[in-house]
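Reader: Could you take me through this one as questions and answers? I would like to see how each answer is reached.

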Amino acid sequence: MQASNVDLVIFDCDGVLIDSEILSAQTLIDLLQELGIHIDLAHVQRCFLGRSFPTVAGLIREQFSVDLPQGFERDYRRILLKKFETELQPTPGIEAVLNNLGVRACVATSSSPERALRSLELAGLAGYFEGRVYTASMVARGKPAPDLFLHVASCEKVAPGRCLIIEDSLPGLSAAQAADMAVWRYVGASHLKNNAQALIAESGQTVLFECWSAFFPMMPSLRRVQDKVELNGQNR
């Protein structure tokens with residue numbers, strides 16, 4: 001894909017913009033343990049990563065033949081947001097990318113609207129995406145279906161072939177591919193650390209990167225024109 005073909009960069013939120021997936025996973029693990037359901041981080045990554053909570057609840061029901069008690073989702077979100085208040089951080093280096101990006105950007109996430117907006121606020125990133133945060137609640141099918149990404153492209157009036165998706169999860173990659181959109185996989189958040197070989201093997205031909213400092217070198221034309229001019233002037 002050539003940068004001249006990119007009019008819109010669509011960022012996933014959890015695990016891409018914010019380093020939240022490790023907090024989400026541990027919260028879910030702890031709450032399920034209280035119900036006698038024992039899973040680990042690898043299980044969360046393999047089965048739940050990138051999916052909406054209703055989908056996760058359905059998978060838990062299928063895998064463990066149990067219905068989650070009434071109020072489980074409410075308690076999960078309450079405890080998680082409390083953790084976010086003190087522990088949530090943006091992924092290292094993302095601000096530099098957002099400050100220097102030369103095309104439009106928006107967010108497409110499986111999180112609830114409330115959680116997504118509050119997460120971006122706590123991480124100091126909300127100002128980059130005002131009015132351009134899209135959630136799975138807006139479409140009939142969440143990731144790995146292409147619905148959310150196609151909805152974003154339609155709302156932003158950008159052809160699918162001119163979108164670049166930044167994702168961390170396999171459902172997100174599948175959704176981007178089903179939408180006929182280019183996709184890169186960011187693997188630099190805490191929940192994917194020290195797992196390089198497995199990530200390469202499962203990602204197929206998808207471009208992988210683990211540091212935001214690699215973003216513009218992979219596609220230099222995505223950097224704002226004035227920044228490129230200033231950089232060229234400094235190199236003379």
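## Charges, helix and sheet

Reader: How does D75 count: buried, partly exposed or exposed?
Author: Buried means under 20% relative accessible area and exposed over 50%, with partly exposed in between (1.4 Å probe, protein chains only). D75 has a relative accessibility of 24%. That puts D75 in the class called partly exposed.

Reader: Good start! What kind of model are we looking at?
Author: Residues are numbered from 1 along each chain as its sequence is written, and side-chain values use heavy atoms, without hydrogens and water. Local features need pLDDT of at least 70, side-chain atom pairs count only at pLDDT 80 or more, and totals for chains, interfaces and linings use all residues, in a model that is predicted.

Reader: Which residue forms a salt bridge with D75?
Author: A salt bridge here is a side-chain nitrogen of Lys or Arg within 4 Å of a carboxyl oxygen of Asp or Glu. The closest N and O atoms are 3.7 Å apart, and the partner, exposed at 52% relative accessibility, is R78.

Reader: How far apart in sequence are the parts tied together by R118 and E85?
Author: The side chains of R118 and E85 meet in a salt bridge with an N to O distance of 2.9 Å. R118 is partly exposed at 31% relative accessible area, as is E85 at 44%. R118 belongs to helix α6 and E85 to helix α4, so the parts that they tie together are separated in sequence by 33 residues.

Reader: What about K143 and D12: how many residues apart are the parts they join?
Author: K143 and D12 form a salt bridge with N to O at 3.2 Å. K143 sits in the loop between β3 and α7 and D12 in the loop between β1 and α1, so the separation in sequence is 131 residues.

Reader: Which residue joins D12 and K143 in a network of salt bridges?
Author: D12 and K143 are both buried, and the structure holds 13 salt bridges. The network that links D12 and K143 also includes E167.

Reader: Let's turn to helix α1. How far apart are its end C-alpha atoms?
Author: Helix α1 covers residues 21-34, which makes 14 residues. The expected span is 1.5 Å times one less than the number of residues, so 20 Å is what α1 should give. The model agrees, with the end C-alpha atoms apart by 20 Å.

Reader: Which helices do the buried residues of α1 pack against?
Author: The buried residues of α1 include L23, A25, L28, I29 and L32. Taking contact as heavy atoms within 4.5 Å, their partners are α2 (41-47), α3 (53-64), α4 (72-87) and α6 (113-122).

Reader: In β4, which residue is the bridge partner of L8?
Author: β1 and β2 pair in the parallel sense over 4 bridges, and L8 has R104 as its bridge partner in β2. Another 4 bridges join β1 to β4, again running parallel. In β4, the bridge partner of L8 is C163.

Reader: Which β1 residues point the opposite way from L8 and I10?
Author: In a regular strand the side chains alternate between the two faces of the sheet. L8 and I10 point one way from β1, and the buried residues that point the other way are V9 and F11.

Reader: One for the aromatics: what is the angle between the planes of F209 and W212?
Author: Rings of Phe, Tyr and Trp (its six-membered ring) pair if their centres lie within 6.5 Å, and planes under 30 degrees apart are stacked, over 60 edge-to-face and the rest tilted. The count by this rule is 13 aromatic pairs. F209 and W212 make an edge-to-face pair, with 5.2 Å from centre to centre and an angle between the planes of 70°.

Notes:
Helices (H or I, at least four residues) and strands (E, at least two) are DSSP runs, numbered from the N terminus. Two strands pair if DSSP finds at least two bridges between them.
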